[in-house]
Amino acid sequence: SPDGTRVALDIRDQENDIWVLDLARGTLTRLTDSPAIDQYPVWTPDGPRLIFGSGRASAGNLFWQPADKTGSVEQLTTSSNNQAPQSISPDGTRLVFRELAPGRGGDLRVARMDGAAQPPGSAPSTASGQRPTEPLVQTVAVEQNGEISPDGHWLAYQSNESGQYQIYVRPFPNVDDGHWTISTAGGTRPLWAGNGKELFYLDGTTAMTTVPVQTTPTFAPGTPTKLFAGRYLISAAGRTFDVSLDGQKFLMIKESTNTTGDQTSTPANMVVVINWLEELKAKFPAK
């Protein structure tokens, strides 16, 4: 969350809902409760709402809901294409999201959250409260995991335009005014440090990597440095890690392991034994 006290996550179980973890209290509270799949939560800048993708609409569109469950769910977009929120600008006026259109691997679009006039070529609002959208980064390559910088002036994202996924940065919202390659050995799932002077991402070996960036007087990336690697969960899409506001702590999802320490794709099991007392008596009869 913007104040660093809570974590929003989707839990991939039989319910597939959004939950909120209170870090101080250690409590986990369900936010959404729908038969549909709710996933990819994004906090609004001041923290009162969570934006998420949901199958409540047939294709999977964008919704939001108060983070304290005091209000109802509201649909933000309507499209026949699957959509997933990725990042919101610091002033809360623009939401970057990924859209999967037929014949395309994935593009980045932006939704206007401030009710501003629709730009030419935008997808119009189709119902009260819904937001107009427009293309942001749309090429023949696959673009996803767009992250707006803390000052709102830069967009980091991953693309396979070179033949493999690398991390790129463009100015935001005028993305055609520049184009810089950040990673050097593959890269996915970028994330800005809170001070905006550093980018984190997973390299081609999924090791956590950092790159210093200079934004003034012109944008210039530094040399990538590996921070650490480990058995951490990486989803097929989306970012499954976060960093503290001071950039010193990482929140990761650790892979489950079996008793030999080998990685396993199945979750840990709970074994319930009934009539255990009678079994104990049979093994150790009273003398």
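The legends below describe close-up views of a predicted model.

**View 1. An open antiparallel sheet of 4 strands, S4 to S7.** In this sheet the strands follow the order S4-S5-S6-S7, and their pairing is antiparallel. Strand S4 (38–43) and strand S7 (74–75) form the edges, each of them pairing on one side only. Strand S5 (residues 49–54) is joined to S6 by 6 bridges, and within this pairing arginine 49 has proline 66 of S6 as its bridge partner. The hairpin formed by S5 and S6 leaves 6 residues between the two strands, and glycine 60, which belongs to the turn, has a positive phi of about 100 degrees. From strand S6 (residues 61–66), 2 bridges lead on to S7, again with the strands running antiparallel, and here phenylalanine 63 has glutamine 75 of S7 as its bridge partner. Strand S6 is mostly covered, with 6 of its 6 residues buried.

View 2. Proline 190 is placed in strand S16 (residues 187–192) and is buried, as its relative accessible area is 1%. Between proline 190 and glycine 146 there are 7.6 Å from C-alpha to C-alpha, although the two are 44 residues apart in sequence. When residues up to four places away in sequence are not counted, the contacts of proline 190 include Asn145, Glu147, Ala156, Tyr157, Leu199, Phe200 and Arg239. Alanine 156, for its part, touches Asn145, Gly146 and Glu147, among others, and its contacts also include Pro190, Trp192 and Leu199.

**View 3. The largest nonpolar core, made up of 11 residues.** Among the members of this core are Trp154, Ala156, Ile167, Val169, Ile182 and Trp192, together with Leu199, Tyr201, Val211, Val213 and Phe219. Two or more residues each are contributed by strand S13 (154–159), strand S14 (166–171), strand S17 (198–203) and strand S18 (208–214).

View 4. The structure holds 8 aromatic pairs. Because phenylalanine 228 lies in strand S20 (residues 225–228) and phenylalanine 250 in strand S22 (residues 250–252), the pair ties together parts that are 22 residues apart in sequence. Phenylalanine 228 counts as partly exposed at 26% relative accessibility, and phenylalanine 250 likewise counts as partly exposed, at 23%. Ring pairs link Phe228 and Phe250 with Phe200 and Tyr232 into a cluster.

**View 5. Arginine residues over aromatic rings.** Arginine 12 lies over the face of tyrosine 40, at a distance of 5.6 Å from the ring centre. In another part of the sequence, the charged end of arginine 239 sits over the ring of phenylalanine 241, at 5.8 Å from its centre. Arginine 239 is also one of the residues that proline 190 touches.

How values were computed:
Residues numbered from 1 in each chain as written. Predicted model: local features only at pLDDT ≥ 70, side-chain atom pairs only at ≥ 80, totals over all residues. Heavy atoms only, no water. Pairing = 2+ DSSP bridges. Buried < 20%, exposed > 50% of the residue type's maximum accessible area, 1.4 Å probe, protein only. Contact = heavy atoms within 4.5 Å. Core = buried A, V, L, I, M, F, W, Y, C linked by side-chain atoms within 4.5 Å. Phe/Tyr/Trp six-rings, centres within 6.5 Å; stacked < 30°, edge-to-face > 60°. Lys NZ or Arg CZ within 6 Å of the ring centre and 35° of its normal.
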